[in-house]
Amino acid sequence: MKVDYLISGAGATGLSFLDVILSETDATVAIVDRRDAPGGHWNDAYPFVRLHQSSSFYGVCSRPMNARRDRNATRDQIDAGTFELSRKSEVLHYFHDLMENTYLPTGRVHSFPMHEHLGGGRIRSLMSGAETQIEIERKLVNAGFWGDLGSIPATHTPAFEIGEGVACIPPNALPHRAPNHQNYCVIGAGKTGMDTVMWLLDQGVAPDRISWVRANDYWLFQREKLLNHPAFFETTIQAFLDELAALGTARTADEYSEKMEACGMWHRIDATVWPTRFHAAVCSTREIEALRRVTNVIRLGHVRAITPDQMTLAEGSVTLPADTLYIDCTARAGVVLGDDAPPVFDGDTINPLMIRPFQPLFSAALIAFLEAHVPDEETRRNCTRVTNFHDTPAQYIGQARNAMMNQYAWSQVPEVKAWLDKCRLYASNHLMKGLGPEDTDKFAQLSQFVPLTMAAMQNIPKILAHEAETQG
């Protein structure tokens, strides 16, 4: 078989790249994935997971997600920030339908589920072991890059010992196993842990029957500040302006965090504990209030071992009721790359890494557009500085500067700028829908972005230098 592109990974990132390369070129594509259906990690996600950012800019460029629900949303739903947070079943249907009824019928896409890419265009069936050599005319697209580095709750191997007789499950099994227990211990403070605690509370479990191991505390985006809807233009734009102002005036990462909390862009579950981590999870005020109802929070570091008698952690041990169901929420999807991270355009390989923070699907779509229409290598490099995953506010600040530099580079390429203006995955297009010359107050808000961005660009190196000096 001979194709222009071989995409290794049929997850959301791979499909976002595929969607644009099909619409912008006449290329042929082979797409290979170890799973039996498109959608990547969504196939293995726990059943109660939802998007935690707007579905208005999630998915692929060519097809909206949940357009009808968005159009018919009630004001209460919009205020709660839940009207566009798609569930797992909706996301999977969306991706499965795209593959079956849009991509494959073109005749230009060859799908190889239950296969793995061995390198050099050679693929192998996980079922029969049969190998197929695919000749790649243009490039390999390494869309499974993050999946190969991270882990997901369903298949994650806990880093702690589990004694005989201890009931410890991933969140995927919770709906089936929860009815058999009276007490629950959620291990992990990240978004999966929060989702799990919320599910238990929503099922009517009393807060005093839940224990929660939080080795770290996290800063969280406040959902009400990030509603991607024209009705909330002023609130959302002001939140981003406040973030730029914090980046432009803070002297340290802690001071930046203080400013982000003061303006309401960030919040935290426990007001008495200073968070040291930031993974960009989004949480509504209602969710924060619910999570605060769980008061048996165990802060003794990471779990080392669990026996029927006790749970041993790095800084001590605790005893929980004998019938406790432990839910392991310690898997980590994103891995912080070092300075040796590969470039996006790397010879005959494309690594569709994030080039806009928290936006892997938009990033993949723009990378595909650059591949199709911008052949100049220097321009491509300027447009694709990697915005890495991060663990701490300081790490995020460094990625924010890369994002600003990318944004400027995009504005300097006319064909990219024109594409962005109509791209469904470009979040601001939804926020500014209907904006007209009469909206002078809104344009006055937007005019603040340039000076605040320039100040942030100048100040971020100072913050990072201070952090490096302090840690050194």
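1. Arg268 sits in the loop between β13 (266–267) and β14 (277–283); strands are DSSP E runs of at least two residues, helices H or I runs of at least four, numbered from the N terminus. This is a predicted model: local features need pLDDT of at least 70, side-chain atom pairs count only at pLDDT 80 or more, and totals for chains, interfaces and linings use all residues. Residues are numbered from 1 along each chain as its sequence is written, and side-chain values use heavy atoms, without hydrogens and water.

2. Arg268 has a relative accessible area of 12%, so it counts as buried (under 20%, 1.4 Å probe, protein chains only). Its side chain reaches the backbone oxygen of Ala271 at 3.4 Å. Beyond neighbours within four places in sequence, Arg268 contacts (heavy atoms within 4.5 Å) Tyr218, Trp219, Glu261, Val273, Trp274, Pro275, Ile288 and Arg292.

3. Helix α1 (residues 12–24) and helix α4 (residues 88–103) have axes that come within 11 Å and cross at roughly 30 degrees. That makes α1 roughly parallel to α4 (angles under 35 degrees). Ala12, Leu15, Leu18, Asp19 and Leu22 in α1 meet Phe95, Met99 and Tyr103 in α4. By class, this contact has seven nonpolar, no polar and one charged residues.

4. α1 also packs with helix α11 (residues 360–373), at about 30 degrees and with axes 8 Å apart. The α1 side includes Phe17, Val20 and Ile21; the α11 side includes Leu361, Ala365 and Phe369. The residues of this contact divide into twelve nonpolar, three polar and two charged.

Technical notes. Axes are lines fitted to C-alpha atoms, for helices over the stretch in contact, and angles run from 0 to 180 degrees between N-to-C directions. Angles under 35 degrees count as roughly parallel, over 145 as roughly antiparallel, 65 to 115 as roughly perpendicular and the rest as oblique. Ala, Val, Leu, Ile, Met, Phe, Trp, Tyr, Cys and Pro count as nonpolar, Asp, Glu, Lys and Arg as charged, and the others, Gly among them, as polar. Buried means under 20% relative accessible area, exposed over 50%, partly exposed in between (1.4 Å probe, protein chains only). A polar contact is a pair of N or O atoms within 3.5 Å; within protein, one must be able to donate a hydrogen and the other to accept it, and residues adjacent in sequence count only if both atoms are side-chain atoms.
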